Amino acid sequence: MSTVDVERIRQIKTLPSLIKFLRDDLDWPIEADAAEDVAFFDYTADELGIDAKHAPKIREIKQLRPLDTNQPWGVFWVSFEKKRLPMVVLRRILGNLVKNKLPSLRKTDRPSWDLHDLLFISSYGEEEHRTITFAHFSEDPHSDELPVLRVLGWDDQNPGMSIDRVANRLQGHFRWPEDSRDVDVWRKRWTEAFTDRYREAIRSADELIPRLAELARDIRDRVRDVLNAETERGRMRQLYGAVQKLLIHDMNEDGFADMYAQTVAYGLLSASLSRPADITPQNLVQLTAISNPFLENLLDSLFRLNRGKFHFDVDEVGINDVLDLLRNTNVEAIKAAFNDLNPAEDPVIRFYEGFLKAYDSRQRIKRGVFFTPRPVVRYIVHSVHELLQGEFGLEDGLASTATWADMLKRFPDLQPPEAVKPDDPFVLILDFATGTATFLYECIELIERTMKAKWARSLGRRNPESPNAWRDPDILARWRDYVSKQLLPRLYGYEMMMAPYAIAHLKLALKLGETGYQFSEGDRLHVHLTNSLEPASDMADAKLADLFGPLAKEAQDVNEVKRSKRFTVVIGNPPYAVNSANKNSPMDRHLAVYKDGLGDERNLKPLNDDYVKFVRCAQLILLETGVGLLGIITNHSYTTARLFRAMRRSLIRDFQRTHFLDLRGEATRDPSMERDQNVFEIQQGVGVGLYIRHVASPQFTHRVHRHELIDPQDAKYSWLSTHTASTTPWTEIVPQPDMYAFGVVSETVRKEYERFLPLNQLFGVGNVGYQTHRDGFVIDLERRTLAARIETFRKGPADEEQIARDFGVKSNRDWAVLSAHASLRRDAHADDRIRKTLYRPFDLRYIFYAPYMIDFDRRDLMQHLTPPNVGLLVSKVFDEHEFTSVYVTKWIVESKIADRTRGSYLFPLRVVASGYLSLDGQDAGVQRKERWESNLHPEHAVDMARRLGAEIRMGDISTGSRAISDMAIFEYIPILNEISVSRCDDLEVLGQ
């Protein structure tokens, strides 16, 4: 028996080379002179019922003629066009070859096989690196579980160990049997080649999460394939359309594929962590069914799109690969290790951030998804509970069953909103960014403790705070009645990502089960799949109800909640993403109040951060109610940054009480802050905001309280776990008009700060530097290299894909590759566009400065930067221990010069006089004195000269005994940088 040669395997790329390998190396009894057309039967895509969308992906389908009278196997060669194995198409082929499926679709003389007796040898990928795979389906005849497709594959670029493994597997399993009459042994040998995919049990989360994320990415790609392959009548595409039209209106196909993948992969992990039984898709559906009929139906749709025996359409997206992984995972060992390190946390919730990071870190950042640590959640929830007790007189806080009628008796000035009825509950709780439901989970724990301890005291039980006392049958009976009638109707959540939405239902249902409550007919958790930033929609009509009735019902339910429910408690951790993932959301128009009076601000982008939109959303929810509490953790910049002054003004006007706990934790180079760490694994500092909109009454005037923690992460967690709003050592501050900062500033320092003239008032023209968004293409250290690259681009073909390969540039929202290519070819001034530029401090380079090649060229500013003119560069915001962000230049500049983290503002000393510039910014005049005008505002320049005890001569570079030039004023400004900043705490607020 010969040994399979690894190098021979590497050379297999075509059907003839495969035939030769099977015959010479694996002893298959193929005639030595047999040609392809003799050794194989040909199939067409049409014969196998493959639709027109799939057919172009298939080069050829051939069946190897039976080589032995006892042969049970149908051996097929399938060659694909695609770069990776198209599971969708392969499964469709399989579906038309197995017994009980083929007869209605095939010619009568074509044979059929049992599913486990089909072997596919496939070829796909680039011509020079074709990949070969042996693929086989297996099933458990005694189970209703999905069949599994397993693949043994290689290409000529496989590393040595991988190709050795394939060689050993082929030699050990796929040699032609010496005794072909023993079919059972033959079948067992070939089948066993595919049975050890996850042989070693996984015992740690660090090993499990990356593998699960990898499988989830594969499911996402396969769902995309299914959507591409299906017509509008396809079941998967119909489900996508229903979700998009009824619930998540801005969802695209990629978003749906992502939703599907995360829900399947992490949903199965959640189920496996939550119960010891062998995990199946059916178990997950049953776990969620108890709390949400819609989620039950949706998950059933995700897992079982086709209800035929084998569910081929679903298995083609790789669900069984996840089941395989989890069945070979020691879940109990992982849970035990986690509980030892994090006894107060739930692994189902805690692992999700790590899973999303491994699955798609860019999405995690884009959506601003960060797990909220339990101590932070506890501080917010318990503080809101206490504020309800103290400010509103509700003894039971979050557990209170007081109605609007009850509150009206206590507060005659209270004005109930029109939508509520007198007997509606007053304390209606909403987590508007639910995620995995950490906040609602904490609410349930706190409410359970509050009510059971209260009942235990009323019944005279010993140790009423002890869980042992809560096992009293009378207390459990009261609790079950309370949950059904008083808790579930008051607890709501909004979440737009499907996976955390499913996890939230699973965890809350299990949590309630632990408290002694069991769901009954008509009970449900009011956690809804929706975008909090979208208003109620009229899209939930009956058009899709026949296909996805529960989906339409869920859309109707959430729209009714948004229209009629008036929440008095809004809590949560909204996403942070300055590049908002909710672009063009309906909430954008409501941000106008946060931008009112900011006429001197040029960059309003931070005001479009997702967390800002969510704060505004919560504010509007409570304004609609007229009274209530907001408890959130967000980016802390809005409390002091100058850009957010209108936002603070709006919050101060609408809430009578503000408590802001600044948790700091921003990345900084201030040596005194080295020990400070973030409560999240992010660089942006955060803080907890507690806002109270009280009953309208003259006795409640606005007050702001602030406290900050500057500590290591563990110390912050410890502090948050033992404190609430009532035990926080607040400092009361008085926000000053114009800034309204939630920070403490010395009055002496403020006056000193305000004595200096703002640079944007001293200079007439100023803005941030240019931003190309393709520096490596249009900027270079060498002029010759840059010129050659631009010329190659100009002469090259107008082919976007080739341009992307050759130059690494792609179209975006603000720039189109082919449009730039065409503009360059038409540009008569192209040879004169290369200019010197200051790219970074002391880093002089060359740029091809053309408006059609740069996203933000700032021509209105850069046109003034030509010798002998100079410009002042400063950073508007600073976060250093000392202010050092000042620079002077005579060249056009990129945006990040004076500061490494944010855009620098450029103020030219002088500007080119009108009439000396052409429309495209090219010099239309000659270099002479009359060409220039001073960029200093005359009135302010005279005032500054007067402060220095001199007179000003605008535009004159000479000086007299009592006269100074505008250049002297310009040179004086950077000198101020030499003054050490010794009051950082004050200037941190002022400097924003």
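# Salt bridges, a sheet and a charged patch

A search of the whole structure finds 42 salt bridges. The model is a predicted one.

Start with Arg-220 and Asp-360. They form a salt bridge, and their closest N and O atoms are 3.3 Å apart. This pair links distant parts of the chain. Arg-220 sits in helix α7, while Asp-360 sits in helix α15, which spans residues 347-367. The two residues are 140 residues apart. Both Arg-220 and Asp-360 are buried.

Next come Glu-253 and Arg-237. Their salt bridge brings N and O to 3.0 Å at the closest. Here helix α9 (residues 253-274) supplies Glu-253, and helix α8 (residues 235-246) supplies Arg-237. The partners are 16 residues apart. Are they buried or exposed? Glu-253 counts as partly exposed because its relative accessibility is 28%, between the limits of 20% and 50%. Arg-237 has 9% relative accessibility, so it counts as buried.

Glu-448 and Lys-452 both belong to α18 (residues 438-458). They are 4 residues apart, about one turn of the helix. Their side chains meet in a salt bridge of 2.9 Å, N to O. Glu-448 is buried, at 10% relative accessibility. Lys-452 is buried too, with a relative accessible area of 3%.

Salt bridges can also join into a network. One such network links Asp-662, Arg-664, Glu-666, Arg-706 and Glu-708.

Ile-202 lies in the loop between α6 (183-192) and α7 (205-229). Its relative accessible area is 1%, so Ile-202 is buried. Ile-202 and Arg-327 are 125 residues apart along the chain. Their C-alpha atoms are separated by 9.5 Å.

Strands of a sheet pair through backbone hydrogen bonds.

Walk across the sheet from β16. This strand is joined to β23 (residues 904-908) by 2 bridges. There, Asn-767 stands opposite Leu-906. Strand β23 also pairs with β20, over 5 bridges. One of the facing pairs is Gly-871 with its bridge partner Pro-908 in β23. Then β20 pairs with β21 over 4 bridges. Leu-872 has Val-888 in β21 as its bridge partner.

The last stop is a charged part of the surface. Asp-799, Glu-800, Glu-801 and Asp-806 form a negative patch there. Of these, Glu-800 lies in helix α30 (residues 800-807). Glu-800 has a relative accessible area of 33%, so it is partly exposed.

Asp-814 is partly exposed, with a relative accessible area of 38%. Asp-814 and Ile-854 are 40 residues apart in sequence. In space they are 9.1 Å apart, C-alpha to C-alpha.

Definitions and conventions:
Residues are numbered from 1 along each chain as its sequence is written. This is a predicted model: local features need pLDDT of at least 70, side-chain atom pairs count only at pLDDT 80 or more; totals for chains, interfaces and linings use all residues. Side-chain values use heavy atoms; hydrogens and water are left out. Two strands pair if DSSP finds at least two bridges between them. Patches are made of residues with over 30% relative accessible area and no salt bridge: like charges are joined within 9 Å, nonpolar side chains (Val, Leu, Ile, Met, Phe, Trp, Tyr) within 5 Å. Accessible areas come from the Shrake-Rupley method with a 1.4 Å probe; for residues, only the protein chains shown count as cover. A salt bridge is a side-chain nitrogen of Lys or Arg within 4 Å of a carboxyl oxygen of Asp or Glu. Lys and Arg count as positive and Asp and Glu as negative; His and the chain ends are not counted. The place of a charge is taken as NZ of Lys, CZ of Arg, CG of Asp or CD of Glu. Buried means under 20% relative accessible area, exposed over 50%, partly exposed in between (1.4 Å probe, protein chains only).
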